[in-house]
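Subject: Structure handover

Hi,

Here is the structure I said I would pass on.

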Amino acid sequence: MIRREDILSLEFLKKTEYTGSHGGMRYRLEGAAAEEGRRLKATLWPEPFAYGATPNEQKQSQQFDFSEEGIQAAVDWMNNQLP
């Protein structure tokens, strides 16, 4: 199970993306621009390849509020997608 404590801070996510893996799944969190302001984009894909080496059709993404609550919502979403 991915925990909130596994993910770095909002300050880190303002500057760059955060990647990790759990249970055969890789994930990436990053800031994303949107009409309504900054969003948090979570992307999942199957192991073993890195983000850039995985075809887009094997990735799934969801956007959340760029906030502590958004990080927790992203963690919950990712855990619900675990195989």
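Below is what turned up when I went through the model.

Some ground rules before the details. This is a predicted model, so to speak of local features I needed pLDDT of at least 70, and side-chain atom pairs count only at pLDDT 80 or more, while totals for chains, interfaces and linings use all residues. Residues are numbered from 1 along each chain as its sequence is written, and side-chain values use heavy atoms, with hydrogens and water left out.

**Sheet and helices**

Helices and strands here are DSSP runs (H or I of at least four residues for helices, E of at least two for strands), numbered from the N terminus. Four strands make an open sheet in the order β1-β2-β3-β4, with antiparallel pairing; two strands count as paired if DSSP finds at least two bridges between them. β1 (18-22) and β4 sit at the edges, each pairing on one side only. On average, neighbouring strands are turned by 25° against each other, direction ignored. Angles come from axes fitted as lines to C-alpha atoms (for helices, over the stretch in contact) and run from 0 to 180 degrees between N-to-C directions.

β1 and β2 are joined in the antiparallel sense by five bridges, and tyrosine 18 has leucine 29 of β2 as its bridge partner. Helix α2 lies across β2, β3 and β4, and runs at about 155° to β4. Contact, here and below, means heavy atoms within 4.5 Å.

**The core**

A nonpolar core is a set of buried Ala, Val, Leu, Ile, Met, Phe, Trp, Tyr and Cys residues joined through side-chain atoms within 4.5 Å. Buried means under 20% relative accessible area, exposed means over 50%, and partly exposed is in between (1.4 Å probe, protein chains only). The largest core has 18 residues, of which Ile7, Leu13, Leu29, Leu40 and Met78 touch the most other members. At least two residues each come from α1, β2, β3 and α2 (68-81), and α2 gives the most, with five. In soluble globular proteins, nonpolar side chains tend to be buried together. Beyond four places in sequence, isoleucine 7 is in contact with Ile2, Leu13, Tyr18, Tyr27, Leu29, Ile71 and Val75.

Where does arginine 4 lie? You will find arginine 4 in the segment before α1 (10-15). Arginine 4 counts as buried because its relative accessibility is 17%. Its side chain reaches the backbone oxygen of isoleucine 7 at 2.6 Å, and a 3.0 Å polar contact joins the side chains of arginine 4 and glutamate 68. (A polar contact is a pair of N or O atoms within 3.5 Å; within protein, one must be able to donate a hydrogen and the other to accept it, and residues adjacent in sequence count only if both atoms are side-chain atoms.) Setting aside neighbours within four places in sequence, arginine 4 touches Ser9, Glu68, Ile71, Gln72 and Val75.

Arginine 28 is in strand β2 (residues 25-34) and, with a relative accessible area of 15%, is therefore buried too. Among the contacts of arginine 28 outside four places in sequence are Glu17, Lys41, Trp45 and Tyr51.

**Salt bridges**

How many salt bridges does a search of the whole structure find? There are seven, taking a salt bridge as a side-chain nitrogen of Lys or Arg within 4 Å of a carboxyl oxygen of Asp or Glu. Arginine 28 forms one with glutamate 30, with the closest N and O atoms 3.2 Å apart, and both of these residues are buried.

Lysine 14 and glutamate 11 meet in another, at 3.1 Å from N to O. Both lie in helix α1, three residues apart, about one turn of the helix. Lysine 14 is partly exposed, at 43%, and so is glutamate 11, at 47%.

Arginine 3 bridges to aspartate 6 at 3.4 Å, N to O, and Arg3, Glu5 and Asp6 are linked in a network.

**A cis peptide bond**

Most peptide bonds are trans. Glutamate 47 and proline 48, however, are joined by a cis one, with omega about 20°. Proline 48 is in the loop between β3 (37-46) and β4 (60-65).

Cheers
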